[in-house]
Amino acid sequence: MKLEADLHTHTIASDGYSTFKEMVESAAQKGLKIIAITDHGLRMDGGPRIHHFLNIGMWPRAVSGVEVLRGVEANIIDGDGSIDMPEMLLKDLDIVLAGFHSEAGYSGGSVEENTRAMVGAIKNPYVHIIVHPGNPHFPIDAERVILAVKSYGKALELNNKSFDFRPGSSSNCKLIAKLAHKHKLMVAINSDSHICYDVGECETAIALAKEVGVEEDHILNSSANLVKNFLARHHAAKPLAS
Ligand SMILES: [Zn+2]
Ligand SMILES: [Zn+2]
């Protein structure tokens, strides 16, 4: 299976090593149709300044035949699942990821507390995808999270970086992938690349999805059309900016 989109990538605007241009050109070379640039939210150490998001309308919509989505990987910053991006910034973004990061305000609690926080973020109408839910530093009740993702029509990520960079993630990711398959959840398989060479590189996560039987039509970014329809549905449903 070949992915048509990578929905989770970073640039030098946060903690990545490559520029916007390098990331998008890499996506073009690899034959992707869509790349989402999703630098970290405002609370992350080394995260972008607010003007990164205020000026995001300057980004080209497409480069070298690759559609570029304006995004963020927001931080869940408290036990209610609040994120570190105000509505005035969220309203102009195409795609919003949300997840736990230790250095960004919420450093984790019990399974109950983490699950409540993650479910709170899932309920946020601006959030589309919950990222790296298998991070063992933030243990969750995976089934409760998955049922919430399902009932709010969101997607859950299988993050290719987790296997190398979040030690202890593999068994959690396998359990999450199995439950996602069981509940016919929409899954996003992303590189979380911080350097241009890694754009679209998702072999380990794809292998896991295959191993547990996730069907291609439940992998959001297996098709550019699936991504577009998914985002269009959410944008139509989100609140009007106040
Ligand atoms: Zn992350
Ligand atoms: Zn990331």
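This is a predicted model: local features need pLDDT of at least 70, side-chain atom pairs count only at pLDDT 80 or more; totals for chains, interfaces and linings use all residues.

Before the first helix pair, a word on terms: axes are lines fitted to C-alpha atoms, for helices over the stretch in contact, and angles run from 0 to 180 degrees between N-to-C directions.

Residues are numbered from 1 along each chain as its sequence is written, and chains are lettered from A and ligands numbered from 1 in the order in which they are written.

First, the overall picture. The protein chain has nine helices and eight strands. Its C-alpha atoms fill a box of roughly 40 × 40 × 35 Å along the principal axes. The radius of gyration is 16 Å, which agrees with the value near 18 Å that a compact globule of 242 residues would have. That radius is taken over C-alpha atoms, and the globule rule is 2.2 Å times the number of residues to the power 0.38.

Of the 242 residues, 49% count as buried. Buried here is 20 or more other C-beta atoms within 10 Å of the residue's own, exposed is 12 or fewer, and partly exposed is in between, with C-beta atoms placed from the backbone. Among contacts between residues at least 6 apart in sequence, 78% join residues at least 24 apart. A contact needs the two C-beta atoms, placed from the backbone, to lie within 7 Å.

Now the helix pairs. Two packed helices are described by the angle between their axes and the distance between the axes.

Take α7, residues 169–182, and α8, residues 203–212: they pack at about 50°, with axes 9 Å apart. The pair is therefore oblique; the classes are roughly parallel under 35 degrees, roughly antiparallel over 145, roughly perpendicular from 65 to 115, and oblique for the rest. The crossing of α7 and α8 is right-handed, meaning that the near helix is turned clockwise from the far one by less than a right angle, anticlockwise being left-handed. On the α7 side the contact uses Cys 173, Lys 174, Ala 177, Lys 178 and His 181, and on the α8 side Leu 208, Ala 209 and Val 212. By class, that contact has five nonpolar, one polar and two charged residues. Nonpolar covers Ala, Val, Leu, Ile, Met, Phe, Trp, Tyr, Cys and Pro, charged covers Asp, Glu, Lys and Arg, and the others, Gly among them, are polar.

Helix α7 also packs with α5, residues 142–151, at an angle of about 45° and with axes 10 Å apart. That makes α5 oblique to α7. The crossing of α5 and α7 is right-handed. Here Ala 142, Glu 143 and Ile 146 of α5 meet Leu 175, Ile 176, Leu 179 and Ala 180 of α7. This contact has six nonpolar residues, no polar ones and one charged.

What is the angle between α4 and α5? The axes of α4, residues 111–123, and α5 cross at roughly 10° and come within 10 Å. These two helices are therefore roughly parallel. Thr 115, Met 118, Val 119 and Ile 122 of α4 make the contact with Arg 144, Val 145, Ala 148 and Val 149 of α5. The residues of that contact divide into six nonpolar, one polar and one charged.

On to single residues. Ile 35 sits in strand β2, residues 34–37, and is buried, with 29 other C-beta atoms within 10 Å. Its C-alpha is 5.9 Å from that of Leu 7, 28 residues away along the chain. Leaving aside neighbours within four places in sequence, the contacts of Ile 35 include Val 66, Val 68 and Val 199.

Ala 155 belongs to strand β7, residues 155–159, and counts as buried with 25 C-beta neighbours inside 10 Å. Among the residues touching Ala 155, not counting those up to four places away, are Ile 129, Val 187 and Leu 220.

Last, two backbone items. His 132, in the loop between β6 (129–130) and α5, has a positive phi of about 25° without being a glycine. His 132 counts as buried, with 28 C-beta neighbours inside 10 Å. Asp 192, in the loop between β8 (186–190) and α8, has a positive phi near 55° and is likewise a residue other than glycine.

How values were computed:
Helices (H or I, at least four residues) and strands (E, at least two) are DSSP runs, numbered from the N terminus.
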